[in-house]
Amino acid sequence: MTPLIESLETLLVDLPTIRPHKLSVATMACQTMVIVRLRTSEGIEGLGEGTTIGGLSYGPESPESIKRNIDTYLAPLLVGQPADNLNALRARLDRHVRGNAIAKSALETALLDAQGKRLGLSVAELLGGARQDHLPVLWVLASGDTQQDIDEAFQMLDTQHHRDFKLKIGSRSVDEDVRHVAAIKEVLGERAGVRVDVNQAWSESAAVRGIAALQEAGIELIEQPIPAREYAGLVRLANRFQVPMLADEAVQDVRDGLDLINGGFSGAFALKIAKAGGPRTALELAQLAKTAGVGLYGGTLLEGTIGTTAALHAWATLPELAWGTEMFAPLLLTDDIVTEPLNYRDFGVELPRGPGLGISIDEDKLRHYART
Ligand code: MUC
Ligand code: MG
């Protein structure tokens, strides 16, 4: 018998970070996740997560709006429908709800988890099969303090947790940021790869100045230096410098990817399940990038373990991730709401085996951290 979607519950869960995480758009002391628990008529539960950064400072969906929009608009479109046809369910959501990519990503994840559990397959298997079960993971240095970032980097190298580092810049002047980054790269030397994420903070002329100095300092990748919609500017920067540009906020989904490629962009795309509206739609962008010879990077919106694992299942199916992944956020949080945390080792993370995502909720922890 066809299983039906019987119910859909959403919870806001707040987990503190291990230290303040400073981005150009916000300083985070806590991460708020929207957790989705979907139940089918066969008694199977699908878990999903929709998460963003810093309330409304990163994008147009906040944790509260994600929850409210799922409860009010998206869940009623799903409840009572067959649970096993993800294509039909996605078409239904897209027909009635514009945008809301993070909410749709949480739902697509829950549907994939339920379908995998039903069929005894992992989410990666549902997506065609994993090509690797251990993915490289970098660490994001964003304490705001140069010495603290250096200490953190050496600790990560010594414990074999991470050997590539992304530095969050853009909240200070270009000169201060360049000094901070160059000082860190100088002490790490060849032991570690260092890249930066400006999160759209620079004008194009500031970017020309900043990137020239960062290239000189040995920085290997420049992420989203200028505002998301300035496609032509990003193409100009990519053509001007040898150090490659990584498009992040500029490339939400496959449509943006096509526009950037048609505009002559070379460099790399940051994939994020939250931007694209789910693991399956994120892989559409990956397919386009591969065809166009654009490099790929497995990105995060700092999801907890459920969202991070959903992304890992998707990234594991890809033939190549030229720039690895940044699926580190569960380590940035002081605690977890799952019974078995992800296994980070050897500068990367192991892909959980499934079925579905391969994750179970720790009910006591969930109750403890869920907003009432
Ligand atoms: C972003 O813009 O890349 C990824 C890592 C991190 O610290 O913030 C995110 C968002
Ligand atoms: Mg970014």
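Q: How are α3 and α11 oriented to each other?
A: Roughly perpendicular. This is a predicted model, by the way.

Q: What's the angle there, and how close do the axes come?
A: The axes cross at roughly 105 degrees and come within 8 Å. Angles of 65 to 115 degrees count as roughly perpendicular, so the pair qualifies. Helix α3 covers residues 101–119, and helix α11 covers residues 279–292.

Q: Which residues meet in that pair?
A: From α3, S105, E108, T109 and L112. From α11, P279, R280 and T281.

Q: How does that contact split by class?
A: The contact of α3 with α11 has two nonpolar, three polar and two charged residues.

Q: Switching to the ligand. How many residues surround ligand 1?
A: 16 residues. The closest are H21, Y58, K166, D197 and N199.

Q: What does N199 do with its side chain there?
A: A polar side-chain atom of N199 sits 2.8 Å from an oxygen atom of ligand 1.

Q: And E223, what's the distance?
A: For E223, a polar side-chain atom is 3.1 Å from an oxygen atom of ligand 1.

Q: How far is the polar side-chain atom of K168 from a ligand 1 oxygen?
A: That K168 atom is 3.3 Å from an oxygen atom of ligand 1.

Q: Back to helices. How do α5 and α6 pack?
A: At an angle of about 35 degrees, with the axes 10 Å apart. Helix α5 runs over residues 146–158 and helix α6 over residues 174–188.

Q: Left-handed or right-handed crossing for α5 and α6?
A: Right-handed.

Q: Who makes the contact?
A: On α5, T146, D149, I150, A153, F154 and L157. On α6, H180, A183, I184, V187 and L188.

Q: Next pair. At what angle do α7 and α8 cross?
A: Roughly 20 degrees, with the axes coming within 11 Å. That makes α7 roughly parallel to α8. Helix α7 is residues 204–216, and helix α8 is residues 231–240.

Q: Which hand is that crossing, left or right?
A: α7 passes α8 in a right-handed crossing.

Q: Which residues touch between α7 and α8?
A: E204, A207, V208 and I211 of α7 meet G233, R236, L237 and R240 of α8.

Q: How do those divide by class?
A: The α7 contact with α8 has four nonpolar residues, one polar and three charged.

Methods
Residues are numbered from 1 along each chain as its sequence is written. Chains are lettered from A and ligands numbered from 1 in the order in which they are written. This is a predicted model: local features need pLDDT of at least 70, side-chain atom pairs count only at pLDDT 80 or more; totals for chains, interfaces and linings use all residues. Side-chain values use heavy atoms; hydrogens and water are left out. Axes are lines fitted to C-alpha atoms, for helices over the stretch in contact, and angles run from 0 to 180 degrees between N-to-C directions. Helices (H or I, at least four residues) and strands (E, at least two) are DSSP runs, numbered from the N terminus. Angles under 35 degrees count as roughly parallel, over 145 as roughly antiparallel, 65 to 115 as roughly perpendicular and the rest as oblique. A crossing is left-handed if the near helix is turned anticlockwise from the far one by less than a right angle, and right-handed if clockwise. Contact means heavy atoms within 4.5 Å. Ala, Val, Leu, Ile, Met, Phe, Trp, Tyr, Cys and Pro count as nonpolar, Asp, Glu, Lys and Arg as charged, and the others, Gly among them, as polar. A residue is near a molecule or strand if one of its heavy atoms lies within 4 Å of it. A polar contact is a pair of N or O atoms within 3.5 Å; within protein, one must be able to donate a hydrogen and the other to accept it, and residues adjacent in sequence count only if both atoms are side-chain atoms.
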